[in-house]
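Have the model open while you read.

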Amino acid sequence: MTAQTPQPSAHPVPPGELRASHDDRDAAVEQLRDAAAEGRIDLDELDSRLEQALTSKTHAELAVLTADLPRVIPPESRPPLVLKGGMHGASRGPGRWEVPSHLVAHGGVGGVKLDFTRTRCNLTEVALEAYGEMAGVTIVIPEAWAVETGGMDPGVGGLKDKTTPDRLPGTPLIRLTGSGGMAGVIIRHPNRWERRKLRGNTP
């Protein structure tokens with residue numbers, strides 16, 4: 001008797017019953033590890049869930065493991081972070097904040113300062129549009145980071161790049177574009193006072 005090849009079902013497979021890929025399992029593992037780092041689940045529960053994640057065969061099995069955790073949106077999928085100087089200025093940092101893959105800074109009449117020195121950044125590159133306008137934009141990056149300014153129009157105010165090219169492996173590259181406007185754009189490493197303050201605030 002000749003064995004017959006199984007025929008595909010005429011009905012679509014429910015999304016939860018679709019087979020999970022290696023990437024699907026890796027994404028669940030990463031989400032579980034982040035949840036443990038944030039204190040949402042303890043280490044024993046992490047070990048148990050990781051074991052189940054690595055052996056899960058369907059999307060539904062993976063979904064059960066992360067159903068009670070916040071959904072993580074990859075940085076590259078998030079909308080740009082936009083800062084506008086307005087009348088009173090705007091700033092981000094130097095405290096810990098998560099860096100998106102794309103930022104836009106408008107100096108306005110109050111100015112903008114972006115300080116990346118204590119940020120959480122797992123990206124290899126960050127796209128930063130800076131428009132100096134009337135009051136300028138100041139950008140402070142860690143000494144291990146580097147910047148690419150080839151896409152920047154200096155405008156009337158100019159671009160002052162006071163950084164060093166000594167980028168450490170695995171650290172972000174800031175791709176700076178935009179225009180200096182009237183007041184210009186400055187990108188630099190921490191100054192002496194800022195370095196002293198960073199040392200004093202070291203966890």
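How many aromatic pairs does the structure hold? There are two, and since this is a predicted model, please read every value below as computed from it.

1. Start with the rings. Tryptophan 97 pairs with phenylalanine 116 in a tilted arrangement, 5.3 Å from centre to centre and with 40° between the planes. Tryptophan 97 sits in the loop between strand E2 (90-92) and strand E3 (102-106), while phenylalanine 116 sits in the loop between strand E4 (112-115) and E5, so the contact ties together parts that are 19 residues apart in sequence. Both ends are tucked away: tryptophan 97 is buried at 8% relative accessible area, and phenylalanine 116 is buried at 0%.

2. Now the other partner of phenylalanine 116. Its ring and that of tryptophan 145 have centres 5.7 Å apart and planes at 50°, so this pair counts as tilted. Here the link runs between distant parts of the chain, from the loop between E4 and E5, which holds phenylalanine 116, to the loop between strand E6 (137-140) and strand E7 (146-153), which holds tryptophan 145; the two are 29 residues apart. Phenylalanine 116 and tryptophan 145 are both buried. Put together, the ring pairs join Trp97, Phe116 and Trp145 into a cluster.

3. Arginine 92 lies over the face of tryptophan 97, 5.5 Å from the ring centre. That is the tryptophan that pairs with phenylalanine 116.

4. On to the salt bridges. Side chains of opposite charge can pair when their charged atoms come close. Searching the whole structure turns up six salt bridges, and I'll go through some of them here. Glutamate 45 bridges to arginine 49, with the closest N and O atoms 2.5 Å apart. Why are these two about one helical turn from each other? Because they are four residues apart in helix H2 (residues 43-55). Glutamate 45 is partly exposed, at 31% relative accessible area, whereas arginine 49 is buried, at 9%.

5. Aspartate 68 forms a salt bridge with arginine 49, and the closest N and O atoms are 3.0 Å apart. This pair links distant parts of the chain: aspartate 68 is in the loop between helix H3 (59-66) and strand E1 (81-84), arginine 49 is in helix H2, and they are 19 residues apart. Aspartate 68 is exposed, with a relative accessible area of 52%.

6. Last, have a look at the strands. Arginine 175 forms a salt bridge with glutamate 125, where the closest N and O atoms are 2.9 Å apart. Arginine 175 belongs to strand E9 (residues 173-179) and glutamate 125 to strand E5 (residues 125-131), so the bridge ties together parts that are 50 residues apart in sequence.

Terms used. Residues are numbered from 1 along each chain as its sequence is written. This is a predicted model: local features need pLDDT of at least 70, side-chain atom pairs count only at pLDDT 80 or more; totals for chains, interfaces and linings use all residues. Side-chain values use heavy atoms; hydrogens and water are left out. A salt bridge is a side-chain nitrogen of Lys or Arg within 4 Å of a carboxyl oxygen of Asp or Glu. Buried means under 20% relative accessible area, exposed over 50%, partly exposed in between (1.4 Å probe, protein chains only). Rings of Phe, Tyr and Trp (its six-membered ring) pair if their centres lie within 6.5 Å; planes under 30 degrees apart count as stacked, over 60 as edge-to-face and the rest as tilted. A charge sits over a ring if NZ of Lys or CZ of Arg is within 6 Å of the ring centre and within 35 degrees of the ring normal.
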